[in-house]
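Please look through the structure shown here and follow an explanation that moves from the interface of its chains to the sheets and helices.

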Amino acid sequence: MTKLIELEWRKLEQKKVIGEVIIYWVILMFLPVFFLRVVMADLAFTDFAESYSSAMELMIAIQMGFVLFGASMINHVFIEEYKNKTMSLSFGYPISRKKLVMAKVWFIFLAIFLSTLVSFILSGITTYVFDQFIDVIHGQPTLADIIAFTARSIVHSAVVAVISFVPLFLFGIWKRAVIPTVICSVFLMQFPNFAGMLHITLSVDLLYGVLGLIGLVSVYLSVAKVNQVGDI
Amino acid sequence: MKDVIRTHELTKTVRGKTITSNVNLTVKKGETYGLLGPNGAGKTTIMKMLTGLIIPTSGEIMLFGKKLTESAKDGLKRVGSIIEYPVFFEHLTAMENLRIHCEYLGFYDGKAITQALDMVNLQGIDDKKVKDFSLGMKQRLGIVRAMITKPELIVLDEPTNGLDPIGIKDMRELIRMLNKEYGITFLLSSHILGEIEQMADRIGMIQHGKLVNEVALADIQKLRTDYIELVTSNVQKTVYLLEHKLQISNIKIVKDTRIRIYDTARSTSDISKTLISDDIEIEEIQKHTSTLEDYFYHQIQGGDKID
């Protein structure tokens, strides 16, 4: 499996993907400070700037942006391979389709997980550095805050990676359509913000849990049904 | 000879439409087998099933004596193929494409890549991306990929498609050389009879998704028949003269004015002289050799099989 995951990386247009990740990192690095200082500065009902532990909630919401990167990865790894017919090369190898799909899924998972994790670190450091100069968040981070941030970064990176798979089965493997995949991801990314409007009263963490579960179902269907819907 | 491929009642249905139906195909070790049939007959679908690209709706495939299924695809390690047209990761170089291919098959021999590239005159393209290749170069690179892991069976769908005349000749020679010198079994497809005739030892005729007939080319050669065809307005008198004056018995009236003489002991000039001397007006007289095309046309129209 490790070899198959490595081969997925080698088949990719690496420069394009790396460039894309760098853009995400740069944007998301400054977004917490931008939100705290500009967008939410005058909002009475949110106070993410109250403490570092409050600011963490904002960070988590912002890193959901990587779900969109997930759509891009589904496009590169599945949809483009179907459209360019390079998927047929893979199916001609003496490896079962389920194993090939699983390798692609692991590759996407690792790519999103690691990118999101790095993004958490980068935006954490950037926010802290800005805070030292322009006082964005009240107080200083405690050791407990840093430990909590590390733990939540790891867990949330995994959650973002799993949520990214929601469009995989329907739009990635079955319909093989880029635009619906992207729209679906934008919707997922913004869903916690829409939840209130849709009268969904679940806590944000539970909401992420439900979306993650849907992502896992999508992965399961992608692997289980690849012989039925995955033909060239 | 052992069977490299044996299919039993191989059927593929897509959205209720039958693409191939109950195909029982046998390809023997060391032979070059040609699938012949018009466009859309189902040749590519059969090849896709044989190389694991699509899953049959029903029926079974035995590859090197072992059943080919989604969970047992080991036989594909011994197969090289180009189906439809060669597909590559266009943003990668030829070498990168070949290395990835070899690693998927668990084949690690750097020298083999260079040797194979030399064999099809594709040297010095190490850093060139595949997207910058011409169609002919891609076709040759496809061949390299198909043979690089030293397969025992190579499946080529319309192998000369898109090639210039020199490329076509090179391709034919390469197939012949790999078959004769390395004993590689080939399964080829084409809708052009002349193409198949020049390369195949045995031919399978596909029509409307069905394998109409499987026949050795040598057997068809034996069946070739020559005949003289003449056109005249006085058919009855001509037949009478041919039978009684020239003692020709194997005669067939094809149309109202057209007669075929299968007894070719008499020459065209003999027949002409005799008929003209009896005031028969000959509009046309010509000696024909029935071609493979006639044979296949006859088969496709529902002719008898050669056993």
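How many salt bridges does the rule find across the interface of chain B and chain A? The rule finds four of them across this interface, where a salt bridge is a side-chain nitrogen of Lys or Arg within 4 Å of a carboxyl oxygen of Asp or Glu. The model is a predicted one, in which local features need pLDDT of at least 70 and side-chain atom pairs count only at pLDDT 80 or more, whereas totals for chains, interfaces and linings use all residues. Residues are numbered from 1 along each chain as its sequence is written, chains are lettered from A and ligands numbered from 1 in the order in which they are written, and side-chain values use heavy atoms, with hydrogens and water left out.

One salt bridge joins E103(B) to R10(A), and the closest N and O atoms of this pair are 2.9 Å apart. Side chains of opposite charge can pair when their charged atoms come close. Helix α2 of chain B, residues 94–104, supplies five residues to the side of chain B that touches chain A, which is the largest share; helices (H or I, at least four residues) and strands (E, at least two) are DSSP runs, numbered from the N terminus.

In the interface as a whole, 26 residues of chain B are in contact with 25 residues of chain A, contact meaning heavy atoms within 4.5 Å. The two chains bury about 2300 Å² between them, and 59% of this lies on carbon and sulfur atoms; buried area is the accessible area (1.4 Å probe) that two parts lose on being put together, summed over both. Of the area that chain B buries against chain A, 31% is supplied by L53(B), F89(B) and Y104(B), more than by any other three residues.

Within chain B, six strands form an open sheet of mixed pairing, in the order β7-β8-β9-β4-β10-β11, and two strands count as paired if DSSP finds at least two bridges between them. The edges of the sheet are β7 (79–82) and β11 (210–216) of chain B, each of which pairs on one side only. Strands β8 (residues 153–157) and β9 (residues 185–190) of chain B run parallel and are joined by five bridges, with T185(B) in β9(B) as the bridge partner of L153(B). Helix α1 (residues 43–50) of chain B lies across β4, β8, β9 and β10 of chain B and runs at about 150° to β9(B), while helix α4 (residues 135–147) of chain B lies across β7 and β8 of chain B, at about 165° to β7(B). For these angles, axes are lines fitted to C-alpha atoms, for helices over the stretch in contact, and angles run from 0 to 180 degrees between N-to-C directions.

Chain B also has an open sheet of four strands with antiparallel pairing, in the order β13-β14-β12-β15. Its edge strands are β13 (251–253) and β15 (282–289) of chain B, each pairing on one side only, and neighbouring strands are turned by 20° against each other on average, direction ignored. Four bridges pair β12 (residues 226–232) with β14 (residues 258–261) of chain B in the antiparallel sense, and I259(B) in β14(B) is the bridge partner of L230(B). Helix α9 (residues 268–277) of chain B packs on this sheet, where it touches β12, β14 and β15 of chain B, and its direction makes about 160° with that of β15(B).

Strands β1 (residues 3–14) and β2 (residues 17–23) of chain B likewise pair in the antiparallel sense, over four bridges. They form a hairpin with two residues between them, and R15(B) in the turn has a positive phi of about 45°.
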